[in-house]
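Subject: A structure for you to look at

Hello,

Here is the structure I promised to pass on. Please have it open beside this message while you read.

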Amino acid sequence: MQHGPAVRRRKLGAELRALRTSAGLTSGEAARLVGWHQSKVSRIETGTSGVKPADVRLLLDAYGVAESQLRELLMVLAGSDDSGGRHHWWHAYRGVLPPTYRDFISLESQAATMRTLETSVVPGLLQTPEYARAVTRAAVEGLPEDRLDTLVEVRLARQDVLRADPPLELSAVLDEAVLRREVGGPGVMARQLERLVEAARLPQVRLQVLPFAAGAHIGVTGPFVIFSFSSTSDLDVVVLDHLTSSLYLERKEDLQAYTEAFNALQIHALSPEDSLDFIAGTAAGA
């Protein structure tokens with residue numbers, strides 16, 4: 001388990017190494033093409049040193065990589081502020097957001113699919129402004145109002161990925177506790193449940209409720225997120241949130257374990273249709 005930046009360097013390096021190999025180049029030949037020493041290429045490919053977006057662009061040009069989506073994703077992993085595609089709006093909040101949160105947003109903005117288990121709160125991509133404010137206020141005590149406003153603004157801006165072209169495909173399994181926990185008061189919670197009903201009807205969103213009646217399940221250890229990317233499965237990553245940081249799991253064994261766990265949760269959860277009825281019934285006070 002590692003923090004975001006280290007994972008991004010390793011994933012970026014591994015992908016660049018694969019692209020170099022596909023281009024039929026040795027690390028020495030690649031270095032000569034871009035005017036570097038061979039050791040620089042090796043350090044980048046092993047993730048032992050950071051790499052500037054401009055250097056990644058040089059390597060991609062040298063390897064003849066023309067696929068725009070793949071180029072954009074690799075530029076994001078390198079920390080690019082100005083690559084194409086979805087706007088990297090979160091860079092305007094550098095002074096407010098911790099690096100781990102910015103890493104999460106950058107992955108979320110470039111992912112093709114997001115699978116998440118939530119055991120306590122509504123996923124951030126589906127929160128109403130009032131719910132987001134109440135959750136943020138509870139999570140960070142003593143937060144000044146202007147800082148609270150900014151964090152809520154960021155939370156709502158993240159939701160644009162569901163309206164992008166193409167949109168992020170979101171699959172979420174919600175423990176029943178998410179629906180029962182009254183956040184922000186009855187009125188706020190009622191509007192939030194209505195928002196979930198609306199979201200459940202979107203073609204890019206798949207919501208399933210894991211009812212209390214399902215008993216103990218594999219997700220009792222805590223929430224998690226799996227990001228997958230359309231360009232390459234080698235960049236898929238699992239994110240675990242903790243109180244003061246996030247941990248990123250990239251090993252194939254970890255990805256397989258969490259993928260199997262999510263699949264099992266989906267089997268034990270209510271179907272999307274029954275989940276919609278369950279959420280609507282909870283909103284109506286049933």
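Predicted model: local features only at pLDDT ≥ 70, side-chain atom pairs only at ≥ 80, totals over all residues.

The protein contains 12 helices and 6 strands. Its radius of gyration is 21 Å, close to the 19 Å that the globule rule gives for 286 residues, so the protein is as compact as a globular protein of that length. Along the principal axes, the C-alpha atoms fill a box of roughly 70 × 45 × 30 Å. Of the 286 residues, 50% count as buried. If you look at contacts between residues at least 6 apart in sequence, 71% of them join residues at least 24 apart.

Now for the sheet. It is open, with 6 strands in the order β3-β2-β1-β4-β5-β6 and mixed pairing. At the edges sit β3 (205–210) and β6 (246–249), each of which pairs on one side only. On average, neighbouring strands are turned by 15° against each other, direction ignored.

Helix α6 touches β1 (113–118), β4 (224–228), β5 (237–241) and β6, and its direction makes about 45° with that of β6. Helix α11 (residues 252–268) touches β1, β2, β3, β4, β5 and β6, with its direction at about 110° to that of β4.

Another helix to pick out is α8 (residues 145–158). Its 14 residues reach 20 Å from the first C-alpha to the last, close to the 20 Å expected at 1.5 Å a residue. Buried residues in α8 are L148, T150, L151, V152, V154, R155 and R158. Their cover includes α6 (99–110) and α7 (129–139).

In soluble globular proteins, nonpolar side chains tend to be buried together. The largest nonpolar core here has 58 residues, and L74, L196 and F227 have the most contacts inside it. Helix α10 (residues 186–200) gives this core its largest share, 6 residues. Which residues does F227 contact, leaving aside its neighbours within four places in sequence? They are F104, L107, E108, A111, T113, M114, D236, V237 and V239. There is also a second, separate core of 12 residues, which includes V173, F224, I226 and A269.

Enjoy exploring it!

Best wishes

Definitions and conventions
Residues numbered from 1 in each chain as written. Heavy atoms only, no water. Helix = DSSP H or I, 4+ residues; strand = E, 2+ residues; numbered from the N terminus. Expected span 1.5 Å × (residues − 1). Buried < 20%, exposed > 50% of the residue type's maximum accessible area, 1.4 Å probe, protein only. Contact = heavy atoms within 4.5 Å. Pairing = 2+ DSSP bridges. Axes fitted to C-alpha atoms, helices over the stretch in contact; angles between N-to-C directions. Core = buried A, V, L, I, M, F, W, Y, C linked by side-chain atoms within 4.5 Å. Rg over C-alpha atoms; globule rule 2.2 N^0.38 Å.
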